[in-house]
Amino acid sequence: MDCKLVGPETPCFCKHRYKQHKTDFEVIPTDRPILLPCKQKGCKCVSYNYIPMNGSQPIRCTCKHTSEEHFEFDPFICKRTQTGGGCTKCAGFKSSFTCGCGAPVKDHTMIVETAEEREARGHPLGESTPYAAMGGITGFSSLADGYQRLDPSGKGAPNKGYLEQSITSNDNPFLRANVQAIKAHQMRKEGKGLTNPDDEMFDDITERVSQMRRPGEEDMAYYERRYQERRQVVPSGAQGLDNGALRPGSRKAIEQKPGSGRRPASKK
């Protein structure tokens, strides 16, 4: 799973965006990893280095200082070690911040790869775009974190076969709690001969058809038709109810409770 796919506005450790780095090459370098130096004047960033954020705040190093207080070149030492800021233990930026996947930042590796290399790893590609610095964007869900996407790549929503695969003990507790209902729905589909994962079965097909507007039907005619259809539907709890046997009843007047005999104190 790709925990993060970098886009044009994704910040680097040097606080500049991905689009402010060299991302396009006439000839793709043969050396690996591919270096993406920052193009901003005065920046010493040798290559783009993604650093996660804790909400809108920068994460902190084990030396208690934020990533913005460290140098932007390797080994990313804290600036306070050279400015007399009192930091003497920092040997390089190292954070205990935990990613949404459950692993700490130090256990992650940033990969800069070409389309061919990504496809060779078994990861899907997005549509070709004429824009620069698109990074790893492959679909509308690409900028969401890996654990928030329905698919492992960001290309888009998975097909029905992926969503209706067998539920195991490693799946979400919600799926495991509703496994009986899901199996019953699948058995009803098989009973009606629906074997294709893309086939749909609706128990409320009559209601779905009724909700559709008819050709030339105006608003008031549509709402009147829907109102009359709802009136004809007898609720399950109202079966056997004789409306003619209903009679207007009388409500008993609420009697006032006897007072305690005390009088409210008067204000002077």
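This is a short tour of a predicted model, stop by stop.

**Whole chain**

Start with the protein chain in cartoon view. Its secondary structure comes to six helices and two strands. Read along the sequence, the order is β-β-α-α-α-α-α-α. Now switch to a surface view. The chain exposes about 20,800 Å², and carbon and sulfur atoms supply 52% of that area. Of the 268 residues, 22% count as buried. Among contacts between residues at least 6 apart in sequence, 43% join residues at least 24 apart.

**Aromatic pairs**

Show the aromatic side chains next. The count comes to five aromatic pairs. Select F13 and F76, which form a tilted pair. Their centres are 4.7 Å apart, with 50° between the planes. Where do these two residues sit in the chain? F13 lies in the segment before β1 (53-54), while F76 lies in the loop between β2 and α1, so the pair ties together parts that are 63 residues apart in sequence. F13 is buried, and F76 is buried too.

Move to Y18 and Y48. The ring centres are 5.0 Å apart and the planes stand at 85°, so this pair is edge-to-face. Y18 and Y48 are both in the segment before β1, 30 residues apart, and the pair links distant parts of the chain. Buried or exposed? Y18 is buried, and so is Y48.

F13, F76 and F93 form one aromatic cluster.

**Cysteines**

Select the cysteine sulfurs. C3 counts as buried because its relative accessibility is 17%, and the cut-off for buried is under 20%.

Go on to C12. C12 counts as buried, with 3% relative accessibility.

**Surface patch**

Finish on the outside. Select L35, V46 and F73. These residues form a nonpolar patch on the surface, with about 250 Å² of accessible area together. Zoom in on F73. F73 is in the loop between β2 (57-58) and α1 (115-120). At 30% relative accessibility, F73 counts as partly exposed.

How values were computed:
Residues are numbered from 1 along each chain as its sequence is written. This is a predicted model: local features need pLDDT of at least 70, side-chain atom pairs count only at pLDDT 80 or more; totals for chains, interfaces and linings use all residues. Side-chain values use heavy atoms; hydrogens and water are left out. Patches are made of residues with over 30% relative accessible area and no salt bridge: like charges are joined within 9 Å, nonpolar side chains (Val, Leu, Ile, Met, Phe, Trp, Tyr) within 5 Å. Accessible areas come from the Shrake-Rupley method with a 1.4 Å probe; for residues, only the protein chains shown count as cover. A salt bridge is a side-chain nitrogen of Lys or Arg within 4 Å of a carboxyl oxygen of Asp or Glu. Helices (H or I, at least four residues) and strands (E, at least two) are DSSP runs, numbered from the N terminus. Buried means under 20% relative accessible area, exposed over 50%, partly exposed in between (1.4 Å probe, protein chains only). Contact means heavy atoms within 4.5 Å. Rings of Phe, Tyr and Trp (its six-membered ring) pair if their centres lie within 6.5 Å; planes under 30 degrees apart count as stacked, over 60 as edge-to-face and the rest as tilted.
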